[in-house]
Amino acid sequence: FRSRNIVKLSSRQGHKMDTELRIRRGVLHWQYEKLREVQEALERDPVDIGTIRKHAISNGGLVSNELRKKAWPKMLGVSVCDISPYEDAALSAHKDRAQVQLDVNRCHRRLPRDMSEEARADIQKQLVRVIVRLLARHRGIHYYQGFHDIVVTFLLVLGEDLTYLIMGQLITCHINDFLDADMTRTKSIIAYISPLLSLQCTELEEFITRSECAYYFSLSWLITWFGHVVESPDLACRLVDLFLASHPLMPVYLSTAVILSRKSEVLSLECELSSVHGLLSRLPDDLNFEPLIQKSSELFVQYPPDVVAAKGRLNPRASTLISSYPKFLQKTARQRPDSVLVTLPKKLTWTQWTHKLLHSAPPIAAGSVIVVAIIILCALKHYGLQEVAASWLRPSSWMSSVTAVVPVAGSIFVASAVLWALKRYSSHIL
């Protein structure tokens with residue numbers, strides 16, 4: 001009995017000492033518990049994406065960049081095993097590269113202040129490569145100034161290759177409306193602010209409307225995920241935690257929360273355009289975003305996007321950002337943990353498989369080509385290529401034409417099956 005008490009006492013003392021050690025190292029108890037729970041969610045099979053999103057939204061977000069490096073890809077349904085090589089030479093001639101380079105050259109304030117000049121130059125080179133790779137891969141999107149403010153936040157945490165995969169997913173859903181050739185759909189997203197503000201505070205919304213101040217002061221907040229107006233890398237990461245874990249309209253809700261937080265300042269102004277726009281277009285340096293993040297989450301629960309759209313008579317179907325979200329949730333619902341994914345054979349496209357086959361196993365490549373060629377030649381020799389062609393030239397003998405072609409088509413099908421099987425199981429050979 002005494003020994004059991006000693007064990008319990010020592011266990012408690014050890015836990016207390018461990019907690020004190022974590023606090024001295026700068027990790028509070030609630031942060032440690034959050035780190036532990038998110039790590040456990042990442043290791044479940046399937047991944048517990050709901051728990052990850054809950055902690056990403058709650059106070060403090062995902063706490064550390066090491067945890068973000070594991071959690072951000074899962075929140076977007078991106079696998080670390082999908083990283084593939086690329087040709088840098090093919091990117092130099094892209095039509096938007098010069099503009100991208102100019103914008104990246106001006107992004108010094110988004111980089112950590114203690115970063116060396118050499119490291120800054122390297123990050124900027126990676127930033128240009130990632131953006132141009134995205135533009136080259138997704139031909140339907142159009143670069144806009146401020147896009148790099150989103151990309152650089154991911155780049156500082158994830159590195160170049162994983163950032164490319166993450167942004168490839170983001171541009172199909174969360175920021176798709178901002179990548180058009182014109183501002184039509186971007187304006188439709190900004191239009192959600194007015195009805196949302198009206199639902200929460202009619203007095204403030206009516207005052208801003210009377211001043212004839214449009215909500216375009218929030219444009220840089222929305223299209224850069226506040227990256228253009230936030231200088232702290234830690235705060236930028238905290239906001240990304242929120243936006244990745246939430247509906248794509250969450251930047252609208254956060255923008256509304258920011259406006260609401262300045263209600264007394266706005267209402268104290270003269271009700272005219274220049275005064276109202278001048279105040280709201282500049283964020284205070286000491287603005288505390290954590291309460292605003294929690295306020296935006298409350299607004300989302302109280303006034304979901306469909307309620308806001310009905311209030312403002314807006315059409316959600318016109319927005320890819322909104323309409324693609326249900327499909328996005330389905331994609332991210334059931335994911336395997338990274339510890340399982342790295343043990344599975346990697347799925348390759350036909351182009352990747354052909355490249356790997358030719359470089360890693362030339363004898364297998366040559367043999368497969370010979371086998372397919374022999375099958376097709378034997379079929380043509382047996383049934384006669386001239387007979388097949390002649391039968392098709394006789395309209396009255398369509399039945400004989402079909403009879404002659406079916407064996408050849410069957411042979412080609414068999415050859416295709418051989419190639420498919422080789423691709424399917426060659427991961428054990430190559």
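Predicted model: local features only at pLDDT ≥ 70, side-chain atom pairs only at ≥ 80, totals over all residues.
How many aromatic pairs does a search of the whole structure find? I ran the search and it returned 11.

Residues are numbered from 1 along each chain as its sequence is written, and side-chain values use heavy atoms, without hydrogens and water.

I looked up Trp72 and Phe154 and found an edge-to-face pair, 5.2 Å centre to centre with 65° between the planes. Trp72 belongs to helix H4 (residues 65-75) and Phe154 to helix H7 (residues 147-158), so the pair ties together parts that are 82 residues apart in sequence; helices here are DSSP runs of H or I, at least four residues, numbered from the N terminus. Both Trp72 and Phe154 are buried, meaning under 20% relative accessible area with a 1.4 Å probe, protein chains only.

I next recorded Trp221 and Phe226, a stacked pair at 5.6 Å centre to centre and 20° between the planes. Trp221 and Phe226 are both buried. One aromatic cluster includes Trp221, Phe226 and Phe289.

I then checked contacts (heavy atoms within 4.5 Å). Leaving out residues up to four places away in sequence, Phe289 touches Phe226, Val230, Leu235, Leu239, Leu254, Val258 and Leu283.

Conventions. Phe/Tyr/Trp six-rings, centres within 6.5 Å; stacked < 30°, edge-to-face > 60°. Helix = DSSP H or I, 4+ residues; strand = E, 2+ residues; numbered from the N terminus. Buried < 20%, exposed > 50% of the residue type's maximum accessible area, 1.4 Å probe, protein only.
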